[in-house]
Each structure stands twice: as C-alpha cells, then as structure tokens.
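This report walks through one protein model, from its sheet to its salt bridges. Please keep the sequence and the 3D view open while reading.

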Amino acid sequence: MKLPHLRHYLVQLLLSCLLAVGIPVPVRAADRPNIIFILADDLAQGDLGCYGQKLIKTPNLDRLATEGTRFTQAYSGTSVCAPSRSSLMTGLHMGHCPIRANREIGKEGQMPLPAGTVTVAQILKDAGYATACVGKWGMGMFNTSGSPLKLGFEHFFGYNCQRHAHSYFPTYLYNDDQKFSLDGKTYAQEVIARDAERWVASQKSRPFFLFYAITLPHAKFEIDSLGEYAQQEKWTKQQQTYAAMVSRLDSDVGRLMTTLKALNIENKTLVIVAGDNGSSFAPDSEIGKLFDQNMGGKLRGYKRSLYEGGLRQAAIVRWPGVIPADKVSDEPWAFWDFLPTAAELAGADLPQGYKTDGNSLVSMLKGGEAPHREYFYWELHEGPSIQALRFDNWKAVRNGPGKALELYDLSADEKESKDLAKEKPDVVAQAEGMMSAARVDSPDFTMKDAKGKKK
C-alpha cells in the first residue's frame, strides 16, 4: 500500500475508533457539505412515482430516490404550513415550538417567530455557511421579529406571506425585503427557480445552506402549461392542473440537480426533499380519489389531522458516496431532527443553553443506527386543540380536550383502524403521562375545545 493511501486508511481507522467509543470528532471544513432542504408545499407520498403514483410523472424525484434513501415514516412538524415550517427551522416539536397553528396577521403576513428564536439558518451562518431562503416563508413579515433576514438568512427571494403565495401569477414577489415587481402573467415559480439556481452558482466556492421552499403543488391550482396532461380529456381541469403542478415541481428539482452537476458540487451537497405535511385531500375527493393519495387506504387522515396520513410526508435524502443509494428506510424521524443534523454536519455548536427536541440523524443517514428517543409529539390549534404521540410502535391520538385517547399499534395496524385504548389501559396511561410532559403551555396556543373554550 502506498504511503498516502496508508496514511488515509490509518486516519479513517482512528476516526472510526473514536466514534465507536463515543468521542466526538471535529468536522473539518473540507468535509462540510452544502445543505439543500427542498420543502414542497402539500406534497404527499402518494404524489410521487417512487411511492407508487401511477398517473403523475415524477422522473427526477424518482431518480433522486434511486440515488439516495427514501423514507416511509418521515414526519412533518405538524399537519399545516406555518407550524410545520417553524418546527423545521427551530428544531422544536409542537410542545415547545413558538408557532403551533396558522395565524394570519393584517393584510399580509403571519404570526411571527419571536425575537431571540434560534434557527438552523443562524447556526449555519455562524459556522461560516452562506444562507438563503427561496420560495415561501410564512413565519413573519420583514418588519417583525420573524423576518427571515433577522433569523439567519442572508438572502430571501419569493413570497413572505402564505396567503400571497396562493397566487401563482402575482404582481410582485420579494427580493430580500424589497418588492420585486411582476406583470401578473409570469408564473412565479419560474422566477423563483431561476433565483435559486443563480444563488447556488454564486456560492459554489463556499459551503452553503439553501432552504428552497417551493409552493407547488399547494392550492390554488394554477399552472402556466398543462403539458401532456392536457390530453387527459376524461380528467377535470383541476385534476389536470394538479398533475401538471406536481410534474413542474419535479422538473424544477431536476433543474437544480443539473445546476449542482454543472458546478461540479453535487458530490459535496446533501439534498433533502420533503413535503410540509401529509396528503391534503380526502380519499373520496376529486384529487385524492383519482391520484390515490392515501395509497390504497394505507394511511388514515390528511392535512389538519394528526393521524399518519396527515403527518407522514414524502422524504428523499441524497448525498452521493455518503448516503446509501437505492435504499428504502422505515426508520421514523421528524422535522425537528433537521437542526441538530445540520449542526453536526457543519461542525457547528448549538447556542449555549439551547435545547433542541430533535436528534442528529447523521449516523442513520449514512446507513447506521437510528437515534434512540422516548417519543414523537405533535399538536395543532385550528378548531379544537388536538394532540398525537408516537412511542415505539404505539400511536396515541386525542381529537380535542376531554376526548378519549385513541391508541393504535402501528406495527400491526398502520391504517390506525383498530383503537386498542380499552384493551391497553396501561399503555394509555403511559401515553397520557408522556403527552403531559411533552408540552409547555403557551398563552397563544392553550388547549381549547371546538367552541373555543379553554381547557
């Protein structure tokens, strides 16, 4: 063995031994990957060919799945937009996250993340990463504490307000905090995609973090071209449009991957693709039925519920040579794991005193064991306050204060069809204790019944 190769081998052996006995190993600057998190608004597992979709074509995302690892039990922060994204950014689950529901403010904007909020962008920026958010923010306008430019992002382009993002042909977007005028006839995602590609190209010589929050395929249903789906004459216009929106999402992900390859940085870039909640449509709805979004009844529930169908989302992770290729993993993880994962990859320290609810997934993503955790926890405050908890293969759901706790064994009943609460009172008591311990009450998100009365 030649001397340089022997030296490399011995170094790798030493690092492996240190990790095996639990001694942390510093991350070298040269080893730090670029990190791209592509968050697709309302993308369901059942929308993608790699999860079984037959009618909508998603060749680029399917190829990512074969080049990386596809997860069947990846969980969103909760089952609607703003709180789910807040969980992703803060590393906190819904028992501690400052945003636990969609809350509109004024004519434009949502309830902002509070001052002093720790975000993954701030941690990576402090570690020397370039940072950008392109697409949709929805966690605070620029004049509030929740501005992306105050929370670690050096560049922003797109929609700040999630209501504004319902229009795919707007008259303006934002470039940083300044309005960027459009003619109302330009498809916004085209402009957003170009900005994402431009920004990545401008940062090719340094590590970067891109939060690419694509609005597709969220309603309302608008597209600049139906493409091949215009030929589906038996489909409704809404069905044609939805399929075209998913395929447009797919093609824009493909464009970004082509950019990474052209810049010769794809092998040092971790790419994560995920939806911000589970399926958005009831199984018997116009979209849900044709495209089989619940995958033959595999998962119960959809957006705004805390059953598996509302929480599990499409998730693909790719990093050539590091993440196993063509792998399907049933290991569960959740949005609040992203912050500690990104911090470990960047060799970054968390702010002193900051405690995340997540676990680093670095070892698991590389093909090792998943981190041990006590439970996953969710809640949502739109209508009656609802809660859910998963520990091991047990799933507990409470659909409102005072409601009986439902209990399901996901190992035997992934559809959550048989409530075992009466048969397993000891497990119910365990779940009750965990639910109580998991949350800190918030004056903005107290537990309320369907009539809005505090409980």
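Which residue of strand 7 is the bridge partner of Tyr172? The partner is Ser181.

## Basis of the report

This is a predicted model, in which local features need pLDDT of at least 70 and side-chain atom pairs count only at pLDDT 80 or more, while totals for chains, interfaces and linings use all residues. Residues are numbered from 1 along each chain as its sequence is written, and side-chain values use heavy atoms, with hydrogens and water left out.

## The sheet

The model holds an open sheet of 10 strands with mixed pairing, in the order 7-6-5-4-8-1-9-10-2-11. Strands (E, at least two residues) and helices (H or I, at least four residues) are DSSP runs, numbered from the N terminus. Two strands count as paired if DSSP finds at least two bridges between them. Strand 7 (178–181) and strand 11 (327–329) are the edge strands, each pairing on one side only. From one strand to the next, the twist averages 15°.

## Strand 1

Strand 1 (residues 34–40) is mostly covered, with seven of its seven residues buried. Buried means under 20% relative accessible area, exposed means over 50%, and partly exposed lies in between (1.4 Å probe, protein chains only). Asn34, Ile36, Ile38 and Ala40 point one way from the strand, while Ile35, Phe37 and Leu39 point the other way.

Strand 1 pairs with strand 9 (residues 269–275) in the parallel sense over seven bridges, and Ala40 has Gly275 of strand 9 as its bridge partner. Strand 1 also pairs with strand 8 in the parallel sense, over six bridges. Phe37 stands opposite Phe211 in strand 8.

## Salt bridges

A salt bridge is a side-chain nitrogen of Lys or Arg within 4 Å of a carboxyl oxygen of Asp or Glu. By this rule the model has 27 salt bridges. One of them joins the side chains of Asp41 and Arg85 at 3.5 Å, N to O. Asp41 lies in the loop between strand 1 and helix 2 (59–67) and Arg85 in helix 3 (residues 81–90), so the pair ties together parts that are 44 residues apart in sequence. Asp41 and Arg85 are both buried.

Arg163 and Glu104 form a salt bridge at 3.1 Å, N to O. Arg163 is in the loop between strand 5 and strand 6 and Glu104 in the loop between helix 3 and helix 4 (120–126), 59 residues apart. Arg163 is partly exposed at 30% relative accessible area, and Glu104 is partly exposed at 39%.

Within helix 5, Arg194 and Glu190 lie four residues apart, about one turn of the helix. Their side chains meet in a salt bridge at 3.2 Å, N to O. Arg194 is partly exposed, with a relative accessible area of 45%, and Glu190 is partly exposed, with 22%. Salt bridges that share partners join Glu190, Arg194, Glu197, Asp224, Arg248, Asp252 and Arg255 into one network.

Technical notes: Axes are lines fitted to C-alpha atoms, for helices over the stretch in contact, and angles run from 0 to 180 degrees between N-to-C directions.
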